[in-house]
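Subject: Structure handover

Hello,

Here is the structure you are taking over. Please open it beside this message while you read.

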Amino acid sequence: MTTVIEASGLTKRFGSMTAVDSATFSIEKNTITGLLGRNGAGKTTLMQLLTAQLFASSGSVEVLGASPVENARVLQQVCFIKESQKYPDDYHPRHVFESAPWFFPNWDADFAERLIADFRVPLRRRIKKLSRGQVSAVGVIVGLASRAPITFFDEPYLGLDAVARQVFYDRLLEDYAEHPRTVVLSTHLIDEVSNLLERVLVIDDGRIIVDEDAETLRGRATTVAGAAAAVERFTAGRDVLHTERLGGLATATVSALSVSDRELANEYGLELAPVSLQQLIVRLTTTEPAPSLVEAVPAGSEKRA
Amino acid sequence: MTTTTAAARPADASGYPGGGARVLSVARLHFVNRATVFTVPALILAAIFAVNLIIWAIIYNSVSPQDRGDVSEGLQWSGSTFYIFVYTFVIAVTAINVTFPFALGYGVTRKHFALGTAIALLGLAAVYSVALTVLASIEQVTNGWGFGGKMFTAIYFPANTWYEYLFVYFAYFALFFFTGAFFASVYSRWRIYGLLLSFLGLALVLIATLAIIGAANAWAELFTYLGSLAPLTFVAWSFVPTVIAALAAFAVIRRATPKG
């Protein structure tokens, strides 16, 4: 595997506010990484640092082996689609699709055409007059059709309906299979993308709190459900991320269970269910995350080779 | 961390255009919506010209033939073309405020953006200058569109021949484009406070200059000197602030960041 993005102690301060706090992680070539976190957690700032739109306060970042800052060789292999992307005032979508190929040598015009039809983007209307979803679609189309070796999508589909989002996931996966590239995707709709992601970075309050294989992460926790007394008996002494009670029934989210744990749960007559990625991240980023689980996946943990 | 970083070094950029191509792509980007840079200013110009033409016709027909020369003399104080310079200022400001963050998303470096934008602005200045020069020549040949009117040969354009007009127009357009680019770059980098401070700084420099001239009792000499300059030399001096604005804009935008 080849590392294409490597951040080390990457920090960005705005006055007294630390938006990104010594982030250390790396991203492998030709993978899809989810950058997850709450609003204001630092996702956009982090992406802006990786694409040299912002300058780091301290720490370093290397993209394709070099600092991306004012580095034309690196930046021309990068496409950054952000939710808050501003378009020149009088631009129509056709102006975007006409000019994008000048900057992205891998641009696939046929693919762009197909996407324009898929998303039903009107070409000859001022972008200002488009709906929120249509504006997002313009960005999504550029991000996909540009086939940049590294593509960043920052909340790319604000306002897109469920059908359009599904189109985005489908096209992304299809095209990724044929033209492998590195994709970093930030989103709130974690469950929707959870099958797409190979790696997960979770940022909370500027810090990377999870840097993990998506598969491994999903195995980190299990939900136990059944009679309240049995659940209580089972979870005693374990790391409990979350419990919910409803009358005599209870569910608890606990960290990874061994085979014998599972047998024990069966004996107690409890039902086990995997925790969705979204649930897990909600638990991790809600005020005080269970310390043991965070320790289990330390920030910037060394990758298994 | 791992040994993999070394393998990442030879990130192959073959098949990617060189810097020159990127700069030209940025220049093209400013022209992709031709309505903004050509159609809109042409339409506004046409509207203002039409209004002027009607006024000239009314004046022409209400004045006795022997006074028409005097009227034409008075019409040279026409500021009708001033709007087009204001518009060029606006084009330069939007070229930076809006196109800059947009181009960054396309993976353009600030340096390439600045150079490409400079080429686009110079190109626009050239096209606009040629257009106004053609109109100025027609105005001369037709004796003010048949009514002694003056719009493109107004007193603010101290020229006689077509190439003098071309020179004066180009100098003015360049001045407005690059001062616009300068203020927009300051705004891009330091936002509204930077803009206010740069206005304040400029005002202080201006006042200081006036104070120094006053203290040296040099006003009379200065006016004699300025009066002795050929009008075209005077216009040529505008390239000094133009070039300063362009270089300052370049320096400022190299560290600018997009909003939001």
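This is a predicted model: local features need pLDDT of at least 70, side-chain atom pairs count only at pLDDT 80 or more; totals for chains, interfaces and linings use all residues.

Residues are numbered from 1 along each chain as its sequence is written, and chains are lettered from A and ligands numbered from 1 in the order in which they are written.

Chain A

Chain A contains 12 helices and 13 strands; these are DSSP runs numbered from the N terminus, with helices being H or I of at least four residues and strands E of at least two. Its C-alpha trace spans about 65 × 40 × 40 Å along the principal axes. The radius of gyration of chain A, 21 Å, agrees with a compact globule, because 305 residues would give a value near 19 Å (taken over C-alpha atoms; the rule is 2.2 Å times the number of residues to the power 0.38). Chain A is assigned domain 1 (3-216) and domain 2 (220-274), with bounds from an automatic or database domain assignment. The C-alpha centres of these two domains are 38 Å apart.

Contact between the chains

Chain B and chain A give 38 residues each to the contact (two residues are in contact if their C-beta atoms, placed from the backbone, lie within 7 Å). On the side of chain B, helices α1 (4-8), α2 (19-29), α3 (34-62), α6 (99-105) and α7 (110-141) each supply at least two residues.

The nonpolar core

The largest nonpolar core has 139 residues, of which Ile141(A), Phe178(B) and Ala181(B) touch the most other members. Such a core is a set of buried Ala, Val, Leu, Ile, Met, Phe, Trp, Tyr and Cys residues joined through C-beta atoms within 7 Å. Helix α9 (residues 162-215) of chain B contributes the most, 18 residues. Not counting residues up to four places away in sequence, Phe178(B) touches Leu121(B), Thr242(B), Ala245(B), Ala246(B) and Ala249(B).

One residue: Ala95(B)

Ala95(B) sits in helix α5 (residues 82-97) of chain B. Is Ala95(B) buried or exposed? Ala95(B) counts as buried because it has 25 C-beta neighbours inside 10 Å (buried is 20 or more other C-beta atoms within 10 Å, exposed 12 or fewer, partly exposed in between; C-beta atoms are placed from the backbone). Leaving aside neighbours within four places in sequence, Ala95(B) is in contact with His30(B) and Thr117(B).

Regards
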